[in-house]
Amino acid sequence: MKDILNSIIRNRRSVYPNQYNGKIISNEVIKEILINANTAPTHRMTQPWFFKVFSGDSKSKLVNEILDLTSDQEMSESVKENLMTKFQLTSHIICICMNRDVKNIIPEWEELAAVSMSVQNMWLTCTAYKLGCYWSSPSVINRLDNFLDLQSNQRCLGFFYIGQYDDLPERNLKRDKIDDKVQWI
Ligand SMILES: Cc1cc2nc3c(=O)[nH]c(=O)nc-3n(C[C@H](O)[C@H](O)[C@H](O)COP(=O)(O)O)c2cc1C
């Protein structure tokens, strides 16, 4: 089991929409990914993560909303067209959301950390299922509160793109050496 886990963690990578083949993933698989997100650790069980899943027609509504909310200065016509293509190639887009505990029982950074851990669970699950995915955090996520029906204590932290791919080019984004980041005391 440890070999499997090491392999999944070490092979996890961002796979971008222009690498997807446009095929649709079943909602059953997406549900498995979300169940794993929901097992993330959470201080005092605030469970701050929640998700809004877009596919098919709702995915088109989301991209149209993003385009409406984006000025021409922010995004040129070609970048807008590129975004629409990215959405078409993507099977599901999951809006990553955080519910800030209204009683303030833990600091906000701990809730951001818990949501991030839930995203890592999704990312690793996609790796195991050989699905492409990545976390995107454009500035427009801060203007989607109405569209996503978010309350004042809730935030969208990004889009989690998921798509199928046929094959991936080699890529080795090397991290700095772990030995340089660890002090054994
Ligand atoms: C919180 C967070 C936000 C990210 N936002 C973006 C983004 O807006 N655009 C992007 O291209 N990649 C984004 N990424 C993905 C990183 O660029 C990617 O993880 C990094 O290049 C390392 O590559 P790897 O995931 O393949 O190891 C984000 C990653 C994280 C953790």
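At what angle do helix 3 (residues 56–68) and helix 4 (residues 77–89) pack, and how far apart are their axes? In this predicted model, the two helices meet at an angle of about 160°, and their axes are 10 Å apart. Angles over 145 degrees count as roughly antiparallel, and helix 3 and helix 4 are therefore roughly antiparallel to each other. The crossing of helix 3 past helix 4 is right-handed. Helix 3 brings Lys59, Val63, Ile66 and Leu67 to the contact, while helix 4 supplies Lys80, Leu83, Met84 and Phe87. Sorted by class, the residues of this contact comprise six nonpolar, no polar and two charged.

Helix 1 (residues 2–11) packs with helix 5 at an angle of about 105°, with the axes 9 Å apart. Since angles of 65 to 115 degrees count as roughly perpendicular, helix 1 is roughly perpendicular to helix 5. On the helix 1 side the contact is formed by Ile8, Ile9 and Asn11, and on the helix 5 side by Leu124, Thr127 and Ala128. Four nonpolar and two polar residues take part in the contact of helix 1 with helix 5, and no charged ones.

In soluble globular proteins, nonpolar side chains tend to be buried together.

Met122 is found in helix 5 and has 27 other C-beta atoms within 10 Å; the threshold for burial is 20 or more, so Met122 is buried. Leaving aside residues up to four places away in sequence, Met122 touches Ile33, Asn36, Ala37 and Phe160. Between Met122 and Gly132, ten residues apart in sequence, the C-alpha to C-alpha distance is 11 Å. With the same exclusion of residues up to four places away in sequence, the contacts of Ile162 are Ile25, Thr90, Ser91, His92, Ile94, Cys126, Leu131 and Cys133.

Glu77, in helix 4, provides a contrast to the buried Met122. Because 12 or fewer neighbouring C-beta atoms mark a residue as exposed, Glu77, with 8 other C-beta atoms within 10 Å, is exposed. Glu77 and Arg100 are 23 residues apart in sequence, and their C-alpha atoms are 36 Å apart in space.

Methods
Residues numbered from 1 in each chain as written. Predicted model: local features only at pLDDT ≥ 70, side-chain atom pairs only at ≥ 80, totals over all residues. Axes fitted to C-alpha atoms, helices over the stretch in contact; angles between N-to-C directions. Helix = DSSP H or I, 4+ residues; strand = E, 2+ residues; numbered from the N terminus. Parallel < 35°, antiparallel > 145°, perpendicular 65-115°, else oblique. Left-handed = near helix turned anticlockwise from the far one by under 90°. Contact = placed C-beta atoms within 7 Å. Nonpolar A, V, L, I, M, F, W, Y, C, P; charged D, E, K, R; others polar.
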